[in-house]
Amino acid sequence: AGEETIMIKHMKILTGLVTCAVLTACTACGTKEVQINVDELGSCLMDEISYSDSLSELDLDTASMFMDLSGTEITDSFIAESSGATAEEIVVLECADEENAALAKKCLDLRVSEQTEAYTDYVPAELIKLDNAVIVTAGRYAILSVSDDPDIARSIDRKSTRLNSSH
């Protein structure tokens, strides 16, 4: 019964997250293009996933002080960071195009690597979250989620990738 309750909770959360992402099809070119409302998706990730620390939203300029996004053309973003006591964070980036999203993914990979190095001696328990960090690219979007519950973000990855494939 407990396992079934957890599955129902996860399905409700996943349904809410998918509802937050607006997906539109590009019928003229025969491919499906992912269209995500960055603020809504970021807010859903913050509201629907459990975090052990409170997260604070940051603007892109502030986040760029500790996250190297140079050389990446970003048109919109949602970034939320923990107080520093945990490695928890959410980054949703809308980039100019898929090439820039790939560059943003490399930046997010580097961010997780740097955080892993920083937390190894500082708070080793956070390494589990960092080892399970979810980094997703879908079309011109790059998404990072570091939390105690990476399965929800992984569900978004599978859904976004499927919806972004060409016919």
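Of the contacts in the protein chain with a separation of 6 or more, 63% are between residues 24 or more positions apart. The model is a predicted one, and 43% of the 167 residues of the protein chain count as buried. Its secondary structure consists of six helices and seven strands, which follow one another along the sequence in the pattern α-β-β-α-β-α-β-β-α-α-β-β-α.

The protein chain has a mean pLDDT of 79, with 72% of its residues at 70 or more. Strand β4 (residues 74-81) has the highest confidence, at a mean of 97, whereas strand β1 (residues 24-26) has the lowest, at 37. The pLDDT is below 50 over residues 18-30, a stretch that has 19 contacts in the model beyond near neighbours in sequence. Residues 160-167 also stay under 50, and for them the model has 15 contacts beyond four places in sequence.

The description now turns to the sheet. Five strands form an open sheet in the order β3-β4-β5-β7-β6, and their pairing is antiparallel. At its edges stand β3 (56-58) and β6, each of which pairs on one side only. On average, neighbouring strands of this sheet are turned by 10° against each other, direction ignored. In general, the strands of a sheet pair through backbone hydrogen bonds, in either a parallel or an antiparallel manner. Within this sheet, β5 and β7 are joined in the antiparallel sense over six bridges, and I90 stands opposite S145 in β7.

Two helices may be described in relation to these strands. Helix α2 (residues 38-48) lies across β3, β4, β5 and β7, and runs at about 15° to β4. At the start of α2, the backbone nitrogen of D39 has a side-chain oxygen of N37 within 3.2 Å. The buried residues of this helix are V38, L41, G42, C44, L45 and M46.

Helix α4 also packs on the sheet, where it touches β4, β5, β6 and β7; the direction of α4 makes about 20° with that of β7. A side-chain oxygen of D97 reaches to within 3.2 Å of the backbone nitrogen of E99 at the start of α4. The length of α4 can be checked by simple reasoning: this helix has 25 residues (98-122), so at 1.5 Å a residue it should span 36 Å, and the 35 Å between its end C-alpha atoms agrees with that expectation. Buried in α4 are N100, A101, A104, C107, L108, R111, V112, Q115 and Y119. Their cover includes β4, β5 (89-95), α5 (127-131), β6 (134-138) and β7 (141-146).

E89 is found in strand β5. Is this residue, E89, buried or exposed? E89 counts as buried because its relative accessibility is 0%, the cut-off for a buried residue being under 20%. The side chain of E89 is joined to that of R111 by a polar contact of 3.2 Å, and R111 is itself among the buried residues of α4. With neighbours within four places in sequence left aside, the contacts of E89 are M67, A80, E81, R111, Q115, L144, S145 and V146. Of these, Q115 is also one of the buried residues of α4, and S145 is the residue of β7 opposite which I90 stands.

Technical notes:
Residues are numbered from 1 along each chain as its sequence is written. This is a predicted model: local features need pLDDT of at least 70, side-chain atom pairs count only at pLDDT 80 or more; totals for chains, interfaces and linings use all residues. Side-chain values use heavy atoms; hydrogens and water are left out. pLDDT is the predictor's confidence in each residue, from 0 to 100. Helices (H or I, at least four residues) and strands (E, at least two) are DSSP runs, numbered from the N terminus. Contact means heavy atoms within 4.5 Å. The expected span of a helix is 1.5 Å times one less than its number of residues. Buried means under 20% relative accessible area, exposed over 50%, partly exposed in between (1.4 Å probe, protein chains only). A polar contact is a pair of N or O atoms within 3.5 Å; within protein, one must be able to donate a hydrogen and the other to accept it, and residues adjacent in sequence count only if both atoms are side-chain atoms. Two strands pair if DSSP finds at least two bridges between them. Axes are lines fitted to C-alpha atoms, for helices over the stretch in contact, and angles run from 0 to 180 degrees between N-to-C directions.
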